[in-house]
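Open the model in your viewer and keep the sequence panel beside it.

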Amino acid sequence: VQLQASGGGLVQAGGSLRLSCAASGRTFSSYGMGWFRQAPGKEREFVAAISWSGARAYYTDSVKGRFTISRDNAKNTVYLQMNSLKPEDTAVYYCAADLSGRTQRGLGRTLYEYDYWGQGTLVTVSS
């Protein structure tokens with residue numbers, strides 16, 4: 001599985017961005033997806049995940065109500081819509097693929113539960 005994240009950039013606080021992650025190499029609709037982020041000097045942390053069908057989606061508390069994860073299986077792409085951005089959202093955002101069905105069961109909140117990773121896209125939120 002190959003993952004290509006895009007859509008990062010510089011935005012002012014309160015603004016919005018939509019990240020995309022294009023997947024290839026395996027039937028996209030057969031596996032779950034997650035988004036993680038890593039701020040400078042910090043560990044990579046879970047942001048959101050979505051099951052293979054899109055029926056199940058969940059978030060870390062700090063982004064609930066502001067971020068929305070979605071997927072288009074026809075386009076082999078997962079999205080992260082980020083609204084009301086804050087300076088503390090500044091990080092490199094990574095998408096990841098879960099081939100073991102953990103996201104379907106509501107798991108998949110740690111990076112060790114994912115099998116493939118994209119290269120990351122930088123989001124910078126200015127105050």
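Select Asn76. Asn76 is partly exposed, because its relative accessible area is 29%; buried means under 20%, exposed over 50%, and partly exposed in between (1.4 Å probe, protein chains only). Asn76 sits in the loop between strand 7 (67-72) and strand 8 (77-82). Check its backbone: phi is near 55°, a positive value in a residue other than glycine.

Before moving on, two notes on the model. It is a predicted one, in which local features need pLDDT of at least 70 and side-chain atom pairs count only at pLDDT 80 or more, while totals for chains, interfaces and linings use all residues. Residues are numbered from 1 along each chain as its sequence is written, and side-chain values use heavy atoms, with hydrogens and water left out.

**Next loop: Ser84**

Step along to Ser84. Ser84 lies in the loop between strand 8 and strand 9. Here too phi is positive, about 50°, although Ser84 is not a glycine. With a relative accessibility of 41%, Ser84 counts as partly exposed.

**Zoom out: the whole chain**

Switch to cartoon. How many helices and strands are there in the chain? The chain has zero helices and eleven strands. Helices (H or I, at least four residues) and strands (E, at least two) are DSSP runs, numbered from the N terminus. The pattern along the sequence is β-β-β-β-β-β-β-β-β-β-β. The radius of gyration is 13 Å, close to the 14 Å that the globule rule gives for 127 residues, so the chain is as compact as a globular protein of that length. That radius is taken over C-alpha atoms, and the rule is 2.2 Å times the number of residues to the power 0.38.

Along its principal axes it spans about 40 × 25 × 25 Å. Of the 127 residues, 44% count as buried.

Show the surface. The accessible surface of the chain comes to about 6,200 Å², and 47% of it belongs to carbon and sulfur atoms. Accessible areas come from the Shrake-Rupley method with a 1.4 Å probe; for residues, only the protein chains shown count as cover.

Now look at contacts, meaning heavy atoms within 4.5 Å. Among contacts between residues at least 6 apart in sequence, 59% join residues at least 24 apart.

**The aromatic cluster**

Select Phe36, Phe46, Tyr58, Tyr114 and Trp117. Ring pairs link these five, Phe36, Phe46, Tyr58, Tyr114 and Trp117, into a cluster. Rings of Phe, Tyr and Trp (its six-membered ring) pair if their centres lie within 6.5 Å; planes under 30 degrees apart count as stacked, over 60 as edge-to-face and the rest as tilted. The structure holds six aromatic pairs.

Keep Phe36 and Tyr114. Their ring centres are 5.2 Å apart and their planes stand at 80°, so the pair is edge-to-face. The pair links distant parts of the chain, 78 residues apart: Phe36 is in strand 4 (residues 32-38), and Tyr114 is in the loop between strand 9 (91-98) and strand 10 (116-117). Both Phe36 and Tyr114 are buried.

**The start of the chain**

Go to Val1, in the segment before strand 1 (2-6). Is Val1 buried or exposed? Val1 is buried, at a relative accessible area of 17%. Leave aside neighbours within four places in sequence, and Val1 is in contact with Ser24, Arg26, Tyr31, Ala97, Leu99 and Tyr116. Draw a C-alpha to C-alpha distance from Val1 to Gly118: 9.5 Å in space, 117 residues in sequence.

Move to Ser6, in strand 1. Ser6 is partly exposed, with a relative accessible area of 35%. Beyond neighbours within four places in sequence, Ser6 is in contact with Arg18, Leu19, Ser20 and Thr121.

Select Trp52, in the loop between strand 5 (45-50) and strand 6. Trp52 is partly exposed, at a relative accessible area of 40%. Setting aside neighbours within four places in sequence, its contacts include Ser29, Ser30, Tyr31 and Gly32. Arg71, Asn73 and Gln104 are also in contact with Trp52. Arg102 is 50 residues from Trp52 in sequence and 9.9 Å away in space, C-alpha to C-alpha.

Finish at Ser62, in the loop between strand 6 (57-59) and strand 7. Ser62 is partly exposed, with a relative accessible area of 41%. Ser62 and Thr77 are 15 residues apart in sequence and 24 Å apart in space, C-alpha to C-alpha.
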